[in-house]
Each structure stands twice: as structure tokens, then as C-alpha cells.
Amino acid sequence: MTTGTALSVLTVLLLAGCGSGGTPDPGPTTPDGTPVAAQPDPRGLLAARVAVAKDQRYVAAYTLTVPGKGPRSVLVSIATDRTWRVDIQGGALGGTADVAIAGRPEGVYQCPINPASSCVKVAAAGKKLPPAIDPRVQYVFVGWLDVLLDRQIPLAVNPAEPLAGTSAPCFAVEPGVTAIAPPIDPGTFCYNDNGILTAAKLPLGQLMLTGEVVAAPSTISLPGPVADDAPLGTATPPPSPPSASVSASAPR
């Protein structure tokens, strides 16, 4: 078929469609005939904000409120080279030790801080930590972004009331399948127009952005040298056994 013939056939088809007398489908309407406005897709709205979040590079401070415990500080650094670090006050030893979880191309590290000590490689790059040493806070800013963007992962997403302290849109997220290791924790996530998480309510606690978001460093540096040490667990360590004491016996 020549180009001229193809254009002629297309013109005839278009004219036939225009002259058929058919009316376009008005879509759903209310009982009085008023068209019903199309409802936005909550998952699509959340994904749009998460896509912006994934492109952001920044340093931001948060407060983590854990039920039954005092507020803890969390410092998130997402560098321009995509390395990252999340400093978590009370992130180990039942809340008595501060740790940084850092992601670099060669792996994921746990580093005690305040005071700083040696860092331990605890997982391959992009992988989750063993549960016994995993504070989970870091996933909110790194690993879970891909989960929220992946339409192949079954998630139930619905609009949620804004969490106290934020005016950003919030979304309730629930994993769509029951699994031993779900891809994301259920919770509420709030992102502003710049893709910055302003608040999140999760089983691990509630995060709230505090202060201004500042420019990112070019890369993430570990706070200590890498050593082949044992990582710190998240659980409270068992109490040390009492030291043996020698009691003086009274003379008979």
C-alpha cells in the first residue's frame, strides 16, 4: 500500500467514525446524571513522590519516638554518589548504644558511634542485615523506596490522615501478602513535594523530620576503620553474672 492510499483509507475511517452518530461514553455518573470525577490512584500518587525521593541527595535529621522509650535522634545522609549512612541513637543493645548503618559499593557496615569504634561489614551491598543486628530504620530511606515504586509487588495503598507535626500528604501502606519476610513494614508514610520524608509511623516507632534539610556530601565516609569484629545486636544484652565475693567467716 502506497503512502497516498494509506492516508486515504485513514481519512475514510475517521470520517466514518465522525458520521456514525455515536456518542462517547460519558463514564460513571451520579443518580442525577452528574459525571463522577475520576478518583486519583493512591498508589500512583505515592509512587510519584517516592520517585522524587529516590533522586534526592541530602542530609536530614529526624526524631524517632519508640513506644515506652524516650525520643531518639536519627541523622540521614544520602550522598551524591548514592552511598548512604543512617546514624541511629540507641540503635543497638536495647537502646543503650548508638550505631551508624552505612551503605557503600563494597557492602553494608555497622559502626558504633559516640564513641566511635571500628566498623563491621554486616551484609553485601543492597542486602538486608541479619535480623538480630538490624535496627530497620535505614530501610525507610533506602531499600523501601524501590518496593514502593515496584508495581509488581502487591501493596495496599490508601490516603491517610496527616500525622501530627506534618502537613505533607500521607499514605497508609500494607503488604498485600502474608509472608515470613514481607517486602516492607506496614505503616504510614508522608512525603512533601520535594520528595523528602516528613513523617512515618511504623512498628519500629514514629519518625518526624526536625530542622532544615541540607546539601548532601559527595560521598559517605565510615566513622571508623573496618575490622573483623562481632557486630552489636539490637536486643538488650543479658546482665553480667555477679562477681564472686569471698566473705569472711566469723571465728568460732
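This dialogue walks through several features of a predicted model.

Visitor: What kind of model is this, and how are residues numbered?

Guide: This is a predicted model, in which local features need pLDDT of at least 70 and side-chain atom pairs count only at pLDDT 80 or more, while totals for chains, interfaces and linings use all residues. Residues are numbered from 1 along each chain as its sequence is written, and side-chain values use heavy atoms, with hydrogens and water left out.

Visitor: Which residues touch the most other members of the largest nonpolar core?

Guide: A nonpolar core is a set of buried Ala, Val, Leu, Ile, Met, Phe, Trp, Tyr and Cys residues joined through side-chain atoms within 4.5 Å. Buried means under 20% relative accessible area, exposed means over 50%, and partly exposed lies in between, with a 1.4 Å probe and protein chains only. Here the largest nonpolar core holds 43 residues, and F189 and L207 touch the most other members. Apart from this core lies another one, of six residues, among them L163, C170, C190 and M208.

Visitor: What is L207 in contact with, if its neighbours within four places in sequence are left aside?

Guide: Contact means heavy atoms within 4.5 Å. With those neighbours left aside, the contacts of L207 include Y62, T63, L64, V74, V137 and V140, and also F141, L197, T198, A199 and A200.

Visitor: Where is V50, and is V50 buried or exposed?

Guide: Helices (H or I, at least four residues) and strands (E, at least two) are DSSP runs, numbered from the N terminus. V50 lies in helix α2, residues 42-55, and counts as buried because its relative accessibility is 0%. Leaving aside neighbours within four places in sequence, V50 is in contact with L145, L148, L149 and Y191. The C-alpha atoms of V50 and L149 are separated by 7.0 Å, although these two residues are 99 residues apart along the chain.

Visitor: Where is T166 found, and which backbone nitrogen does its side chain reach?

Guide: T166 is found in the loop between β7 (155-160) and β8 (170-175), and T166 is buried, with a relative accessible area of 14%. A polar contact is a pair of N or O atoms within 3.5 Å; within protein, one must be able to donate a hydrogen and the other to accept it, and residues adjacent in sequence count only if both atoms are side-chain atoms. In this case the side chain of T166 reaches the backbone nitrogen of A168 at 3.1 Å. Leaving aside neighbours within four places in sequence, T166 is in contact with C190, T198 and A199.

Visitor: How many aromatic pairs does a search of the whole structure find?

Guide: Rings of Phe, Tyr and Trp (its six-membered ring) pair if their centres lie within 6.5 Å; planes under 30 degrees apart count as stacked, over 60 as edge-to-face and the rest as tilted. The search finds three aromatic pairs. One of them is the tilted pair of Y139 and W144, at 6.0 Å centre to centre and with 35 degrees between the planes. The rings of W144 and F189 have centres 6.4 Å apart and planes at 85 degrees, so this pair is edge-to-face. The pair links distant parts of the chain, with W144 in helix α3 (residues 143-149) and F189 in strand β9 (residues 187-191), 45 residues apart. Both W144 and F189 are buried, and Y139, W144 and F189 form one aromatic cluster.

Visitor: Which charged end sits over the ring of Y139?

Guide: A charge sits over a ring if NZ of Lys or CZ of Arg is within 6 Å of the ring centre and within 35 degrees of the ring normal. The charged end of K128 sits over the ring of Y139, 5.6 Å from its centre.

Visitor: How many salt bridges does the search find?

Guide: A salt bridge is a side-chain nitrogen of Lys or Arg within 4 Å of a carboxyl oxygen of Asp or Glu. The search of the whole structure finds six salt bridges. In one of them, the side chains of R151 and D41 meet at 2.9 Å, N to O. R151 lies in the loop between α3 and β7 and D41 in the loop between α1 (3-18) and α2, so the pair ties together parts that are 110 residues apart in sequence. R151 is partly exposed at 48% relative accessible area, and D41 counts as partly exposed at 38%.
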